[in-house]
Amino acid sequence: MFDRVAPRYDALNRILSGGRDAGWRRRAAALARMGPREIALDVGVGTGDLAFGLLDASDPSVRVVGVDISPLMVDAVRQRAAARLDPRFAPLLATATGLPFADGSFDRVVAGFAVRNFGDLALGLREMRRVLRAGGRAVILELSTPPNPIVGVAYRLYFHRLSPLIAAMLGGDASAYRYLPRSVAAFPDANGLAAHMRDAGFARVRYERLNLGIAAIHVGEA
């Protein structure tokens with residue numbers, strides 16, 4: 001599915017979120033607060049919006065490794081890195097539930113709209129915690145369930161009914177955008193994800209809701 005959506009992924013995300021996803025990623029990059037010569041891992045890097053946002057917001061000495069399970073996503077982000085002429089980014093085909101890195105390899109571990117798609121959420125979060133060095137920080141940006149029931153009704157109407165139609169009209173994969181609301185509905189809310197992060201070994205877990213709770217950014221420390 002992610003291979004199929006890769007060519008139009010960025011454009012459809014901008015349209016379907018009303019451009020809000022770009023601001024959400026900027027906020028996630030700000031919360032990561034990378035220092036000089038630090039290295040980050042972006043899990044589920046996709047086409048690289050969050051990874052390159054980290055690089056743009058940080059000291060020129062930082063580096064980012066991006067992993068994704070989709071070969072076409074990795075191809076897309078590799079081409080984007082080449083176009084930027086940026087040697088600080090390295091893409092790799094890998095699964096979140098079996099990260100090919102030693103314990104404590106990274107100063108930051110981030111994920112943007114990825115953990116909802118882990119085949120095993122608990123294992124994926126434990127892997128993120130395992131590769132994070134002592135004193136490091138994890139930042140997870142993810143869609144969420146609005147706590148206000150009235151907002152929730154409008155949110156479900158948009159994601160379940162309208163977004164697949166809009167995606168299809170714009171030449172996207174409608175089945176992928178039918179998967180989107182189902183994946184959100186099956187995913188823990190902000191409090192639930194915070195609990196999963198604590199269970200995975202993260203400390204000082206906190207989160208902030210975005211745009212009435214349709215998304216949230218979670219932060220945890222090693």
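**Cores and ring pairs**

Residues 24 or more positions apart supply 73% of the contacts (heavy atoms within 4.5 Å) in the chain with a separation of 6 or more. This is a predicted model, where local features need pLDDT of at least 70, side-chain atom pairs need 80 or more, and totals for chains, interfaces and linings use all residues. Numbering runs from 1 along each chain as its sequence is written, and side-chain values use heavy atoms, with hydrogens and water left out.

Trainee: Which residues touch the most other members of the largest nonpolar core?
Mentor: A nonpolar core here is a set of buried Ala, Val, Leu, Ile, Met, Phe, Trp, Tyr and Cys residues joined through side-chain atoms within 4.5 Å. Buried means under 20% relative accessible area with a 1.4 Å probe, counting protein chains only. That core has 30 residues, and the ones touching the most other members are Trp24, Leu54 and Phe89.

Trainee: Is tryptophan 24 buried or exposed?
Mentor: Go by its relative accessible area, which is 6%. So tryptophan 24 is buried.

Trainee: What kind of pair do the rings of tryptophan 24 and phenylalanine 113 make?
Mentor: Rings of Phe, Tyr and Trp (its six-membered ring) pair if their centres lie within 6.5 Å; planes under 30 degrees apart are stacked, over 60 edge-to-face, the rest tilted. These two have centres 6.2 Å apart and planes at 55°, so the pair is tilted.

Trainee: How many residues apart in sequence are the parts this pair ties together?
Mentor: Tryptophan 24 sits in helix 3, and phenylalanine 113 in the loop between strand 4 and helix 6. The separation is therefore 89 residues.

Conventions: Buried < 20%, exposed > 50% of the residue type's maximum accessible area, 1.4 Å probe, protein only. Helix = DSSP H or I, 4+ residues; strand = E, 2+ residues; numbered from the N terminus.
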